[in-house]
Amino acid sequence: MHAREPIPLAMLNALAYCPRRFVYEHVQGEMLLNEHVVEGALLHAGIDLGGTVWEGERVQQRRVYVWSERLGLVGFCDLVETQTGAIYPVEYKKGRPRRWFNDHAQLCAQALCLEERLGITIPRGAIFYFAARRREVVEFTATLRAEVEALVAQAHALALAGRLPPPIEQRARCRECSLEPLCLPDEVEQLAQEHAIPAWEESEL
Amino acid sequence: MRGEAEQWTGAERLMATLYLTEEQTTVKIEGEALRLQMPRGQERQVVRVPLAKVDQVVVLGNITLTTPALQALLERGIAVHYLSARGRSYGSLVADWGKNSGPRLALYALYTDLPRRFAAARQCVAGKLINMRAVLLRYARNREDNAALLEAVQQIRAALRALARAQPPAQLATDDRMGGLGELFGIEGSASAAYYGVLGLLLKPPWQFVGRVRRPPTDPVNALLSFGYSLLTNQTTALIQAVGLDPGVGLLHQPGFGKPALALDIMEAFRPIIVDSVVITMINTGQLTPGDLEEELGAFRLRDRARRTFLEKFEERLNERIRHPVFGYQISYRRCIELQVRLLAKYAQGEIPRYVPFTVR
């Protein structure tokens, strides 16, 4: 039996986006750059410097290492903020509040790690979207927590199996995905239907 | 399906090969650029090339890259290939492979699974034969005296029919040095003999070509083909390494010391349409003259100026955009080669039921 390797928090985001992307990134170590990835990395450059800032009542700790023994998670919070007794994670994302739940899942998983470390309950956190220049508050509801726990279980199962899941059906995500040039969702789908491929053996040679 | 050209433009803009051909050049890193210092007396003694514009570096001849320059290249995943002036490969310097072990293991497993390996190896041979036939047919259409060409096309067609019938041996004999693929090699050999037997007819006089001779090429056309195949092998090896596969373990070609067997498998289909067509075009348009090759004890090599022109034309061909025969979108030949590598990995991993060769009409 293999020891359970902890799943990086950022990989949960990938999994919520697409299981196939998760296996490419986490299991196969694949990474390609596109404009979204490069822009995100540039915007993160300032945040990734660790440190603590006191602003009156508010304490901000940047790039905080967190983990959960129970869930098998490990990673960083961009920011952990403490204000009048409340403590919560803040995640920085390029772009605008998204249609997909991957950012919420990543933030909630950070909260679950903090809760386990600190022995407290964290009711909500926030995501700062660079393009909108505002924070969106995310409530850690019982539903979201259950979804995140299911996501973590799926992550461990996929990491253990190591096989690539098939491409997802929501191809709009593929168009924005940096891994499309190696994942080849349309091409795999086309070639998986064997009858659709012209076979030279059967042609008029 | 995906629409027209726009899809890969982002990925392909970066695809550029820096060929270093000037003897005695020193290459250093200067900020985000390579600084090429040519020997004294050269017209432009110093040239700067931004790293962002380089996808790989090919070093031909006595040229020095400093350790900081090599580190900067490797850090960005840019491979450096060392070739002799004749195009023989000494080897490559490649960045670490990462942890992409799944596809590599899948390919090793495919190597030991004879029926599936045989199927993929047969497709590699088919791609080569279909494209050789396409090259001959293209020229046969434009000439009256095409009987010999059409005869060779018939021979290749017969070879393809035999290929369609070929089956792997039920039991692999312990002394089978061909690994059960002997029949494929036989078919490939006879079709190639027919093809190379008439290739000389496509060349304007006084150029002559009677058949393929390697190690060393003893006539100018063979020297050009060998040089082109070497370049193609390097390109393909680099793409295989970028995908994370082991270039040394092939399906059709037997693994051997220093032989990039997988690259040779993948490039079979591309030899006629990339290298042969560049050689034929350069000869027939007068971009190359017999005087561009010098003889050394019966072996031939390209003079410096002609070698530079050849590299330019070869790169142009790789960057030429075509409509992909199966997927229908516009992509460069270079990306077509990479797609074949990725498709082979997907076949090995069981994602697609068949490895489809790259063929042109």
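Q: Which residues does Arg122(B) touch, not counting residues up to four places away in sequence?
A: Arg122(B) touches Trp200(A), Leu163(B), Ala164(B), Arg165(B), Ala166(B) and Leu184(B), where contact means heavy atoms within 4.5 Å. This is a predicted model, in which local features need pLDDT of at least 70 and side-chain atom pairs count only at pLDDT 80 or more, while totals for chains, interfaces and linings use all residues. Residues are numbered from 1 along each chain as its sequence is written, chains are lettered from A and ligands numbered from 1 in the order in which they are written, and side-chain values use heavy atoms, with hydrogens and water left out.

Q: Why is Arg122(B) called buried?
A: Buried means under 20% relative accessible area, exposed over 50% and partly exposed in between, with a 1.4 Å probe and protein chains only. The relative accessible area of Arg122(B) is 13%, so the residue is buried.

Q: What makes the pair formed by the side chain of Arg122(B) and the backbone oxygen of Leu163(B) a polar contact?
A: A polar atom of the Arg122(B) side chain lies 3.0 Å from that backbone oxygen. A polar contact is a pair of N or O atoms within 3.5 Å; within protein, one must be able to donate a hydrogen and the other to accept it, and residues adjacent in sequence count only if both atoms are side-chain atoms.

Q: How do you know that Arg21(A) is buried, and with which side chain does the side chain of Arg21(A) make a polar contact?
A: Arg21(A) has a relative accessible area of 17% and is therefore buried, and its side chain makes a polar contact with that of Ser178(A) at 3.3 Å.

Q: Why is chain B called as compact as a globular protein of that length?
A: Chain B holds eleven helices and twelve strands, which are DSSP runs (helices H or I, at least four residues; strands E, at least two) numbered from the N terminus. Its radius of gyration is 21 Å, close to the 21 Å that the globule rule gives for 361 residues, so chain B is as compact as a globular protein of that length. The radius is taken over C-alpha atoms, and the rule is 2.2 Å times the number of residues to the power 0.38.

Q: What makes the phi of Leu184(A) worth noting?
A: Most residues other than glycine have a negative phi. Phi of Leu184(A) is near 55°, a positive value in a residue other than glycine, and Leu184(A) is buried, with a relative accessible area of 0%.
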